[in-house]
Amino acid sequence: MIKINNIETDIADHCNLSCKNCSHHSPYAVKGFYSIEDFKKDINTVSKSVNCNWFKLLGGEPLLNKTFYEYSKILKDSNICDKVALFTNGILLGKYKKELYKDFDCIVVSRYPGSENYKKLILKNIDDLKNYVKIIHNYYDEFEEQEFLQKNDNKKLVQDIYDRCKLRYECNTIYKGYFFKCIASQRKGDFLKSNGI
């Protein structure tokens with residue numbers, strides 16, 4: 001059995017925000033979901049040889065997937081991971097009954113720069129759930145910009161960028177029958193195509 005720290009997947013391709021430099025390329029994704037059937041099949045296959053500390057359910061925005069809680073149950077039943085985390089922008093947290101969050105070991109809320117109303121909504125949603133499930137609140141006061149459109153034939157520079165990537169051991173991704181070492185890779189083709197490349 002191979003033991004790794006994290007595995008993650010997008011259970012919703014699209015998002016309710018359209019951040020220009022989204023590392024998941026959600027603004028360029030076609031609206032869709034990782035089907036429960038395909039997810040279960042992929043998890044059952046991988047769980048035969050891999051176990052991780054954390055399995056992260058992401059998106060786009062995972063709470064756009066109205067059956068988000070079923071993915072956590074599949075993970076718990078498969079024994080692929082020790083803990084399950086839900087990563088969300090927090091806008092839709094109050095839309096669902098608290099009971100649907102019971103199978104998550106924590107919810108990670110990423111709050112981005114925005115209006116005062118946006119901030120109040122996120123803080124209210126966090127406050128309503130904080131005594132029910134562990135909440136980790138990450139606030140980003142600025143966006144990190146990444147250059148995805150510039151061609152780079154310098155193999156040494158490419159290797160240096162990879163070697164310096166702080167997430168290179170954290171972004172193992174299972175997605176629709178494939179395993180990726182970087183979550184941005186799963187939709188890189190859609191992103192490039194939408195930019196005429």
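**Reading the salt bridges**

A: A search of the whole structure finds seven salt bridges. The model is predicted: local features need pLDDT of at least 70, side-chain atom pairs count only at pLDDT 80 or more, and totals for chains, interfaces and linings use all residues. Residues are numbered from 1 along each chain as its sequence is written, and side-chain values use heavy atoms, leaving out hydrogens and water.

Q: What is a salt bridge?

A: It is a side-chain nitrogen of Lys or Arg within 4 Å of a carboxyl oxygen of Asp or Glu. Take K3 and D82: their side chains meet at 2.9 Å, N to O. K3 lies in strand β1 (residues 2-12) and D82 in strand β3 (residues 81-88), so the pair ties together parts 79 residues apart in sequence. Strands (E, at least two) and helices (H or I, at least four residues) are DSSP runs, numbered from the N terminus.

Q: Which residue does D13 pair with?

A: D13 forms a salt bridge with K176 (3.4 Å, N to O). D13 sits in the loop between β1 and α1 (36-46), and K176 in the loop between β6 (173-175) and β7 (178-180), so parts 163 residues apart in sequence are tied together.

Q: Is D13 buried or exposed?

A: Buried means under 20% relative accessible area, exposed over 50%, partly exposed in between (1.4 Å probe, protein chains only). D13 is at 6%, so it counts as buried. K176, at 35%, is partly exposed.

Q: Where does K76 lie in its pair with D105?

A: The closest N and O atoms of D105 and K76 are 2.9 Å apart in their salt bridge. K76 is in helix α2 (residues 68-78), and D105 in the loop between β3 and β4 (106-111).
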